[in-house]
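Work through the exercises below with the model open. Each task is followed by a solution in steps.

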Amino acid sequence: MKQRLVVIIDDEEDILDLLEYNFLREGFVVEAFNRAKPALDFVSKQKPDAILCDWMMPEMTGLELCRAIKENISLADIPFLMVTCRTETTAVKMALAEGVTDYIRKPVRISDLIGKVQEVIGI
């Protein structure tokens with residue numbers, strides 16, 4: 001079975017480490033970033049199978065990152081999952097309108113998150 005590349009972006013190191021560990025344990029190849037701009041550079045060169053991203057980050061938000069990816073025709077089809085503490089309905093609607101594939105509220109069970117990624121990439 002082909003190993004799937006997942007990019008995870010979160011500015012909270014403990015969350016980033018936890019997600020990276022669990023996705024690696026499930027057989028994914030993982031690239032983890034604590035800022036969006038380096039992640040965007042990586043995604044532009046190494047098209048991943050899925051992106052998991054927090055909304056609230058310094059320099060560039062997860063929503064701004066999603067916009068940048070979806071505006072690039074060669075990257076637009078990458079599933080982009082927003083994993084965030086933002087729960088207000090307007091935030092969900094805004095994210096989905098910008099091209100977010102799925103909006104997942106923290107806290108989330110890791111097994112559910114892995115299952116959702118497997119679902120959107122067709123495993």
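**Exercise 1.** Classify Glu-59 as buried or exposed, then find its salt-bridge partner.

*Solution.* In this predicted model, Glu-59 has a relative accessibility of 53%. The cut-off for exposed is over 50%, so Glu-59 counts as exposed. Next, look for the partner. The side chain of Glu-59 forms a salt bridge with that of Arg-35, at 3.2 Å from N to O. Now place both ends. Arg-35 is in the loop between strand 2 and helix 2, and Glu-59 is in the loop between strand 3 and helix 3. They are 24 residues apart. Arg-35 itself is partly exposed, at 34%.

**Exercise 2.** Explain why the salt bridge of Arg-67 and Glu-98 ties together separate parts of the sequence.

*Solution.* Start with the contact: the two side chains meet at 3.1 Å, N to O. Then locate them. Arg-67 lies in helix 3, while Glu-98 sits in the loop between helix 4 and strand 5, so the bridge joins parts 31 residues apart in sequence. Arg-67 is partly exposed at 29%, and Glu-98 is partly exposed at 28%.

**Exercise 3.** Which element gives the most residues to the largest nonpolar core?

*Solution.* Take the core first. It has 27 residues. Val-7, Ile-9 and Phe-80 are among those with the most contacts inside it. Elements giving two or more residues include strand 1, helix 3 and strand 4. Helix 2 gives the most, with five residues.

Note on methods: Residues are numbered from 1 along each chain as its sequence is written. This is a predicted model: local features need pLDDT of at least 70, side-chain atom pairs count only at pLDDT 80 or more; totals for chains, interfaces and linings use all residues. Side-chain values use heavy atoms; hydrogens and water are left out. A nonpolar core is a set of buried Ala, Val, Leu, Ile, Met, Phe, Trp, Tyr and Cys residues joined through side-chain atoms within 4.5 Å. Buried means under 20% relative accessible area, exposed over 50%, partly exposed in between (1.4 Å probe, protein chains only). Helices (H or I, at least four residues) and strands (E, at least two) are DSSP runs, numbered from the N terminus. A salt bridge is a side-chain nitrogen of Lys or Arg within 4 Å of a carboxyl oxygen of Asp or Glu.
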